[in-house]
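Work through the exercises below with the sequence and the model side by side. Try each task before reading its solution.

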Amino acid sequence: MPLKKKTSAMELQDLNFDQDKLDRLCNRLQPLLTKHLSDKELEDSSPQSPPPPPPNRHHARQRPNARFFREYLNGQWCDQPPVPTKPFTDQTIIVTGANTGMGLEAARHFVRLDAAKVIVAVRSLAKGQEAVDDITASIKRPGVAEAWELDLAGYASVEAFARRANALPRLDVVVANAGVFMYHFERAEGNESTVTVNVVSHMLLALLALPKLRETAVATGKPSTFTFTGSFTHWGTPFEERKEADILAALNDEGKAKMGEERYMVSKMIQLLTARQFAEELNKSSKQGKVITSVINPGFVKTQIMRHSSAMFQLYVKALAAVLSQPPEVGGRMLVLAAEGDETMHGQYLCDGKIAQPSEWVISEESKPVQEQLWRELTAKLEDIHPGIMGVL
Ligand SMILES: NC(=O)c1ccc[n+]([C@@H]2O[C@H](COP(=O)([O-])OP(=O)(O)OC[C@H]3O[C@@H](n4cnc5c(N)ncnc54)[C@H](OP(=O)(O)O)[C@@H]3O)[C@@H](O)[C@H]2O)c1
């Protein structure tokens, strides 16, 4: 019997879809979902197999195991995140990449949930206005959503956007959601563009927005939030560049760059590690005003994210998406749930609106020096872009 979407765990039992069958399905789907991994690396991860060895000293790639796929399928078919209901009354919220996909749907939820101002941050104001009109037509709260220009491929645009944000009376939530999945090596601000957009610019925005987020937290007596949209794909990268003396510089070597899935996964790995370090740095700070930061894994969501990939790969993803993906509205829920300001979510990786576990390599002792090195490299770059920026921490 084919699996239905939105099937509850109870219904799965009614379908006689027991744990063994789920594990066998996980094993069948594994090669489909990880075609970039070689057969050698994809050992059988059925529950009958011996437990996987501890993360290898020389491999960051976390072989997606039965736990990964159980959680993945659970998210896709069983435990959809609830529709958010907590009001955001009086709050000012920024959502980057909000003209389409999950960002648009998150912005729509925020407007529905009584936010005072929802800033749809977009690189094309025309697309942004279309998104605002679309939200207003569906939620009937004119004047709440507004489009602001933000091009994460240019640092001057991020700085201009942040200056505007810092002039707001308050800023409660930033959802750093925009992202690219580049198939070809392109530079933006001298760096490979996936890294610039997915990692550097959003951390630049995080630091530049921090004073206003803190000021708002002090004024409201409630923590502000800055959430990054990450990805479960961080599990899949061997992240070979981590062995380099300068990781960010190595990612700029066009001759060695592995674009496509590999570069996207690396960008999401770096985003996760640097966001975890950002959370630690916030913990160390004695400045007033609590800011909660987290990384959301929305799972597989049917959006335009693959638009730069080859026609063949888009076809492949489309076929997978028909069976496995969630609609953008469901992805948008996860962004909103993370923005609610639950203090236990600080520094955490979230799935389905709940605290989850990133790859075992990420939580291993081995990732710690890599995380610290990346933080040093990224903050040095940010200081070059905006001298004095690290003083905000
Ligand atoms: N879809 C999935 O299965 C999935 C899974 C895990 C994580 N994610 C992450 O979810 C986030 C949202 O992606 P999505 O799936 O909703 O894809 P999407 O529909 O392609 O949305 C991506 C958004 O990012 C914006 N963007 C791209 N480059 C930008 C730039 N230089 N400056 C400003 N905005 C820029 C896009 O604007 P334009 O329309 O102007 O290009 C668009 O609004 C991304 O971070 C993605 O990596 C997605």
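A crossing of two helices is left-handed if the near helix is turned anticlockwise from the far one by less than a right angle, and right-handed if clockwise. The model is predicted: local features need pLDDT of at least 70, side-chain atom pairs count only at pLDDT 80 or more, and totals for chains, interfaces and linings use all residues. Residues are numbered from 1 along each chain as its sequence is written.

**Exercise 1.** Describe how helix 4 and helix 11 pack.

Step 1. Find the elements. Helices are DSSP runs of H or I with at least four residues, strands are runs of E with at least two, and both are numbered from the N terminus. The protein has twelve helices and ten strands. Helix 4 covers residues 101-112, and helix 11 covers residues 328-338.

Step 2. Axes are lines fitted to C-alpha atoms over the stretch in contact, and angles run from 0 to 180 degrees between N-to-C directions. The two helices pack at about 65°, with axes 7 Å apart. The crossing of helix 4 past helix 11 is right-handed.

Step 3. List the contact (C-beta atoms, placed from the backbone, within 7 Å). Helix 4 supplies residues including G101, M102 and L104, while helix 11 supplies P328, E329 and G331 among them.

Step 4. Sort by class. Ala, Val, Leu, Ile, Met, Phe, Trp, Tyr, Cys and Pro count as nonpolar, Asp, Glu, Lys and Arg as charged, and the others, Gly among them, as polar. This contact has seven nonpolar, four polar and four charged residues.

**Exercise 2.** Decide whether Q91 is buried or exposed.

Step 1. Apply the cut-offs. Buried means 20 or more other C-beta atoms within 10 Å of a residue's own, exposed means 12 or fewer, and partly exposed lies in between; C-beta atoms are placed from the backbone. Q91 is buried because 24 C-beta neighbours lie inside 10 Å.

Step 2. Name its partners. Leaving out residues up to four places away in sequence, Q91 touches A115, A116, D172 and V173.

**Exercise 3.** Which residues come nearest to the ligand?

Step 1. Count the shell (C-beta atom, placed from the backbone, within 6 Å of the molecule). It holds 26 residues, and G97, G101, A178, G179 and T303 come nearest.

Step 2. Eleven residues are nonpolar, twelve polar and three charged. Helix 4 gives the largest share, three residues.

Conventions:
Contact = placed C-beta atoms within 7 Å.
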